[in-house]
Amino acid sequence: MRRSRMAYLPFVFPLLAVAEISAFVAVAHLIGTGWAFLALAAVTLTGFSLLRREGIRGWRSFQQAAASGRPPGPEVTNSLVGLGGALLLALPGFVTGLAGVLLLLPPGRILARRGVEGFATRRLGGGVTGDLFGPRRVRVRVDDPTVVDSSVVGGDPTASRQPAAAIEGEIVR
């Protein structure tokens with residue numbers, strides 16, 4: 001029987017608490033306790049201000065995509081990743097703050113957005129996510145397509161190969 005990923009949460013939260021305390025002690029040792037508390041407060045306040053900004057930005061981009069008739073999926077996932085990064089930044093702690101900053105910077109946001117889209121595709125199926133994210137772009141290897149003539153029973157099957165016509169288009173899941 002396969003375990004749900006939610007079953008691991010009771011183990012993750014205490015580990016996160018230990019990591020946060022260790023990070024705070026290390027930062028307090030480097031710059032002093034007062035400065036560590038001040039840095040922690042600054043990171044948390046920055047996270048709260050970014051929560052509002054990312055929420056408004058995501059809602060506006062969703063409305064623009066819906067008004068123009070485009071699939072709103074990329075805008076929605078981008079704003080979800082931004083909101084997740086801002087929420088992690090708003091949580092008090094240096095480890096969650098670092099994870100939030102990584103989600104707010106463009107390379108981390110792109111990777112997380114692709115992960116969210118892949119998760120949605122696996123959970124919801126290709127038809128729903130095709131409507132949400134638009135048609136999938138695929139890479140096609142250009143090769144000489146061949147058709148094997150099955151009427152040749154005893155002969156050399158490589159001698160009867162003929163190039164077939166290629167069909168151009170895009171794959172929509």
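**Burial, surface and confidence**

Reply: Let us begin with one residue of this predicted model: Thr 96 counts as buried, because its relative accessibility is 7% and buried means under 20%.

Me: In which helix is the place of Thr 96, and with which residues is Thr 96 in contact, leaving aside its neighbours within four places in sequence?

Reply: Thr 96 has its place in helix 4. Once the neighbours within four places in sequence are left aside, the residues in contact with Thr 96 are Leu 16, Glu 20, Leu 88, Leu 89 and Leu 91.

Me: Is Val 95 buried, partly exposed or exposed?

Reply: Val 95 lies in helix 4, which covers residues 94-104. Its relative accessible area is 33%, and a residue between 20% and 50% is placed in the middle class, so Val 95 is partly exposed.

Me: Which helix gives the most residues to the nonpolar patch?

Reply: The patch lies on the surface and has about 760 Å² of accessible area together, with Val 95 and Leu 16 among its members. The element that gives the most to this patch, with 5 residues, is helix 1 (residues 9-31).

Me: What covers the buried residues of helix 3?

Reply: The buried residues of helix 3 include Gly 73, Val 81 and Leu 89. What covers the buried residues includes helix 2 (33-68), helix 4, helix 5 (106-124) and helix 6 (126-133).

Me: Where in the chain is confidence highest?

Reply: The chain averages a pLDDT of 82, and 76% of the residues score at least 70. Confidence is lowest in strand 2 (residues 162-163), at a mean of 54, whereas the highest value, 94, belongs to helix 4.

Key. Residues numbered from 1 in each chain as written. Predicted model: local features only at pLDDT ≥ 70, side-chain atom pairs only at ≥ 80, totals over all residues. Heavy atoms only, no water. Patch = residues over 30% accessible without salt bridge, like charges linked within 9 Å, V, L, I, M, F, W, Y side chains within 5 Å. Areas by Shrake-Rupley, 256 points an atom, 1.4 Å probe, with all protein chains shown as cover. Salt bridge = Lys/Arg side-chain N within 4 Å of Asp/Glu carboxyl O. Helix = DSSP H or I, 4+ residues; strand = E, 2+ residues; numbered from the N terminus. Buried < 20%, exposed > 50% of the residue type's maximum accessible area, 1.4 Å probe, protein only. pLDDT = per-residue confidence, 0-100. Contact = heavy atoms within 4.5 Å.
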